[in-house]
Amino acid sequence: MCGIYCSVRVSSADDHRVNAEVFQAFSEQLRSANGSRGPDAQTLYTLHLPAPQSPRNPSKGEARGNELQIELFASELLLRGRAAVVQPHQQEGDVFCWNGEVFEGLDIDPEENDGARMFARFRLDCTPDSVPALLGNIEGPYAFVFYHSLTEKLYFARDPLGRRSLLIHRPSLSFPYLLLSSVSAGNHPAYQFEELSTGGILCLDVGRMRQSNDFVNGFNDSLSIIPRRASVAKFAEISRVNTALPPEDMPPLDPFSCGPFPKAWSDAVDELISHLDRSVMLRVRDIPVEFCQEGKARVAVLFSGGIDSTMLAFLAHRHVPGDEAIDLINVAFENPRKIHVRLGGNSDMLPKRERKRYRKVGETMKVVDGETAPYLVPDRVTGLQEVDELRKLCPGRTWNFVEVDVPYEESLAARPVVEAVMWPSRTVMDLSLAMALYFASRGVGRIRGSSSKCYQPYTSHARVLLNGLGSDELLGGYGRHRSAFIARGWEGVIDELQLELDRIPIRNLGRDDRIISSHGKETRHPFLSLSVVSFLAGLPVYLKLDPRLDVGKGDKTLLRLAALKVGLIQASARKKRAMQFGSHSARMEAGEGERRGDLIIGSTAMDSS
């Protein structure tokens, strides 16, 4: 994993529209932000491409076009082999920045660097016709920038699901330069970042740009999008949802009934366990030990105690050496709004639908050992229950249940930093989710000793964090899937699941990558392996969920059956709860109860100007 920064502009000596000092200042800020993602090695490489000679009078050296300068910076987080590989990769004028992991499609020795292997493949055969197959035959998250000196072309893209962040500032009349960056430095007047689309592979003909005296128009004329073309490779595009409808007389299948399951369901359960187990295995093996003490955790799970994270923890147990701990990171926020209600205060600051629920929860949560418990939030309660189930099911494993408690004042102090890192994401929901991920991935908390009342400080140094994102989208875990069934039957559910798949690349993954990677950690999504996605998308919908059953049974039914089969009895019955509500990172202050999640937050992100 690494951070990438690339800029393309007219040489400062030739362009008086760009303030060189301002450009240099924000470039340094962007390099610094990307440096946090890869603390093990960092390098800047600069290319100077002279303006072409005028064909009319080359002897006089008359230039037609512009001299261009390309800066490429990359930072490296060591997650393969024993020594960090310095990026950008360079050879004979070719330059490659790689932020990714290859889990399938390319045999890589544990001591090899996948970025170096990909660089060699790009150099061997890099044309607009060959690149789709080159990328479409590998599975894993990635974002990259590659400059091919022979053809003077700059290629850049993200994987089809957008699991790694890459932002783009397109040249404009006011800001005539191209910027590509894994992360921004917050809101800045000199750039307008947006998420790079995953719809294709972008190719910039730099040689053609050099011949233009107008950088902005030259960029627009020289940029092309190369289609991914699923027909040429297994992992080129996201699979489509199976549209087969169930038999009209198919009875509901209760996952908690005692009778034997029909073979179709039984086979689907076995296949899901097999696919998910392999996905987890590929994501936890061969992690270097250099940065962890012997026996300490190299793998952590973002752990709410829900069915998704508990299943991932159990499967990780199968593949992480038995003498190593696995960190289960559980985050809880001190939320004055909800604490006030628990303690019997005026609940007017809560919307009506929440008042009764939180007063009921408060009866069991407001006092522990005679003291108020601001961090005994819903995710903490289920997390404690599920770590107990894991310890019984996997007794030889050390499970570090890391309680990350975030005081209200600390969350307020961190908010400007979080807003800057998550930029250009900037809605109320973005912030509440990003806050939870920011503190969870930092991993600073405490663990309980042999006595439940005895705590000791603990910081998780695991560089790989497993994340259960994707299961709700693939297996029908949201309330909107039930609503679609009520409105339009099984066809409505199929359409909604397809919409979920289509939206994955444009929703949360880039934001989450920016937040988690700011601590020098890497998130990995076993449910979002393109192999797992292909398997689940190809299953008939009625094998995955059954909205005719109650919540906690009919949503993600296939995963519930899988959890039951491996022995996770309590986890199999957990109901869906959004991270921001389970951790209490959302709606902390009076008046926020009815704020819509899609509202734009105030302009409080760190301003670099």
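How do H6 and H17 lie relative to each other: roughly parallel or roughly perpendicular? I opened my notebook with that one, and I kept in mind that this is a predicted model.

**Entry 1: two helices**

I looked up the axes of H6 and helix H17 (residues 557–566), and they come within 9 Å and cross at roughly 75 degrees. Angles of 65 to 115 degrees count as roughly perpendicular, so that is my answer for H6 and H17.

Next I listed who touches whom. On the H6 side I found Trp265, Ala268, Val269, Asp270, Leu272 and Ile273. H17 brings Leu558, Leu559, Leu561, Ala562, Lys565 and Val566 to the contact.

**Entry 2: the whole protein**

I stepped back for an overview. The protein has 18 helices and 21 strands. It has 609 residues, and 58% of them count as buried.

**Entry 3: the cores**

Which residues touch the most other members of the largest nonpolar core? I noted Met311, Leu328 and Leu536, in a core of 68 residues. Helix H6 (residues 263–284) gives this core its largest share, eight residues.

Setting aside neighbours within four places in sequence, I found Leu328 in contact with Val301, Phe303, Ala313, Val387, Leu390, Trp399, Asn400, Phe401 and Val402. There is also a second, separate core of 30 residues, and Cys6, Ala74, Phe215 and Leu223 are among its members.

**Entry 4: a sheet**

In what order do the six strands of the open sheet come? I read S2-S3-S1-S9-S8-S10, with antiparallel pairing. Strand S2 (41–49) and strand S10 (194–195) stand at the edges with a single partner strand each, so one side of each has no neighbour in the sheet.

I then zoomed in on one pair. Strand S8 (residues 167–169) and strand S9 (residues 177–181) run antiparallel and are joined by three bridges. For His169, the bridge partner in S9 is Leu179.

Last, I asked what helix H1 (residues 20–35) packs on, and found that H1 packs on this sheet. H1 touches strand S1 (2–10), S2, strand S3 (68–76) and S9. The direction of H1 makes about 160 degrees with that of S1.

Conventions:
Residues numbered from 1 in each chain as written. Predicted model: local features only at pLDDT ≥ 70, side-chain atom pairs only at ≥ 80, totals over all residues. Heavy atoms only, no water. Core = buried A, V, L, I, M, F, W, Y, C linked by side-chain atoms within 4.5 Å. Buried < 20%, exposed > 50% of the residue type's maximum accessible area, 1.4 Å probe, protein only. Helix = DSSP H or I, 4+ residues; strand = E, 2+ residues; numbered from the N terminus. Contact = heavy atoms within 4.5 Å. Pairing = 2+ DSSP bridges. Axes fitted to C-alpha atoms, helices over the stretch in contact; angles between N-to-C directions. Parallel < 35°, antiparallel > 145°, perpendicular 65-115°, else oblique.
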